[in-house]
Amino acid sequence: MIKTTAISKKYADKVILSDIEVDLPKGQLIAFIGPNGAGKSTFLSLISRLQPQSTGEIYIDRDEIRNWKSKELAKKLAILKQSNGVQLNISVYDLVSFGRFPYNRGKLTKADSQIIDEAICKMELEELKHASIHELSGGQLQRVYIAMILAQDTEYILLDEPLNNLDLNHANQMMQLLKKLVKEQQKTVIIVLHDINFASGFADYIVAMKDGKIFAQGQTEEIIVPEVLNRLYSMDVRVCEIEGKRFCMYFN
């Protein structure tokens, strides 16, 4: 379980997040949605301790995040940010292997190699396994980073707009994989999404943010309704149901 109380984040005099209180359910796929500048990415960076909160407390399994040792936190939680720049000329396999660093400090075991190969396979990167990451398209590289996160094999997976650069097929496959990790391995996946239809189709729980605050949170069917979405995005959103799933139409 991830729980926060009275979280705020300031840069100089600018307030980015204000009074954030969430109690994120364990073993579910949780989507963060909302307009640009809502503070979604900043909030994920606080949960993962990439930067400190200005006020408040963050608990991961009842232990405040500042009390976690870095090595143990890296075994508990993995994060993929929007911007990931690796300048080294390394192979796909080598980049994915970075995910095993918290466990072996760079000395791969046979078990590590198997986990790496499985992550590469899940992201359909077998044919690119030995290719340089600098030879890849943006979508291919995004899948490599996701494979690295999978290789880290943590209980909590935080993904900040991971569908960027992915075509429709690979985006759908990735969401299917994340849902499978939740259902079969009891992972907790927290994902920032701009496409509310992916959130509607795959998320168990949704947190909506606006202007640095929590706008609404609850089960997916409670959030994917016009009464919430219209005010969240300041536009008319029509919600239809197709084969038991809600679909949002937000264009004329």
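Helices here (H or I, at least four residues) and strands (E, at least two) are DSSP runs, numbered from the N terminus. Hello everyone, and let's start with a loop. Arg62 is found in the loop between β4 (55-60) and β5 (63-64). Its phi is positive, about 75 degrees, although Arg62 is not a glycine. Is Arg62 buried or exposed? Arg62 is exposed, with a relative accessible area of 69%. For those labels, buried means under 20% relative accessible area, exposed over 50%, and partly exposed in between, with a 1.4 Å probe and protein chains only.

Before going on, a word on the source. This is a predicted model, in which local features need pLDDT of at least 70 and side-chain atom pairs count only at pLDDT 80 or more, while totals for chains, interfaces and linings use all residues. Residues are numbered from 1 along each chain as its sequence is written, and side-chain values use heavy atoms, with hydrogens and water left out.

Back to backbone angles. Asp19 is not a glycine either, and has a positive phi of about 50 degrees. Asp19 sits in strand β2 (residues 14-24), and at a relative accessible area of 51% it is exposed.

How many of the residues of α1 are buried? The count is 7 of its 8 residues, so this helix is mostly covered. The buried ones are Lys40, Thr42, Phe43, Leu44, Ser45, Leu46 and Ile47. Just after α1 comes Arg49, with a positive phi of about 65 degrees.

In helix α2 (residues 70-76) I'd like to show you Lys76. With 17% relative accessibility, Lys76 counts as buried. Contact, by the way, means heavy atoms within 4.5 Å. Beyond its neighbours within four places in sequence, Lys76 is in contact with Ile60, Asp61, Trp68, Thr154, Glu155 and Tyr156.

On to a helix pair. Two packed helices are described by the angle between their axes and the distance between the axes. Axes are lines fitted to C-alpha atoms, for helices over the stretch in contact, and angles run from 0 to 180 degrees between N-to-C directions. Helix α5 (residues 110-122) packs with helix α6 (residues 138-152) at an angle of about 140 degrees, and their axes are 8 Å apart. That makes α5 oblique to α6; angles under 35 degrees count as roughly parallel, over 145 as roughly antiparallel, 65 to 115 as roughly perpendicular and the rest as oblique. The crossing of α5 and α6 is right-handed, a label for a near helix turned clockwise from the far one by less than a right angle, with anticlockwise giving left-handed.

Which residues meet there? From α5 we have Ile115, Ala119, Ile120 and Lys122, and from α6 Ala147, Leu150 and Ala151. By class, the contact of α5 with α6 has 6 nonpolar, no polar and 1 charged residues. Here Ala, Val, Leu, Ile, Met, Phe, Trp, Tyr, Cys and Pro count as nonpolar, Asp, Glu, Lys and Arg as charged, and the others, Gly among them, as polar.

Let's look at Ala151 of α6. Ala151 counts as buried, at 0% relative accessibility. Not counting residues up to four places away in sequence, Ala151 touches Val96, Gly99, Arg100, Ile115 and Ala119. Ala151 and Ala78 are 73 residues apart along the chain, and their C-alpha atoms are separated by 9.8 Å.

Leaving out residues up to four places away in sequence, Arg143 touches Met123, Glu124, Leu125, Leu166 and His170. Over in α5 we find Asp112, which counts as buried at 5% relative accessibility. With neighbours within four places in sequence set aside, Asp112 is in contact with Arg100, Asn104 and Lys107.

I'll finish with helix α10 (residues 226-233), whose buried residues are Val228, Leu229 and Leu232. Why do they fall on the same side of α10? They cover an arc of only 90 degrees around the axis, the arc being that of the directions from the helix axis to the C-beta atoms. An α-helix has 3.6 residues a turn, so residues three or four places apart point the same way. On the face of α10 turned away from its buried side are the exposed residues Glu227 and Arg231. Just after α10, Ser234 has a positive phi of about 55 degrees.
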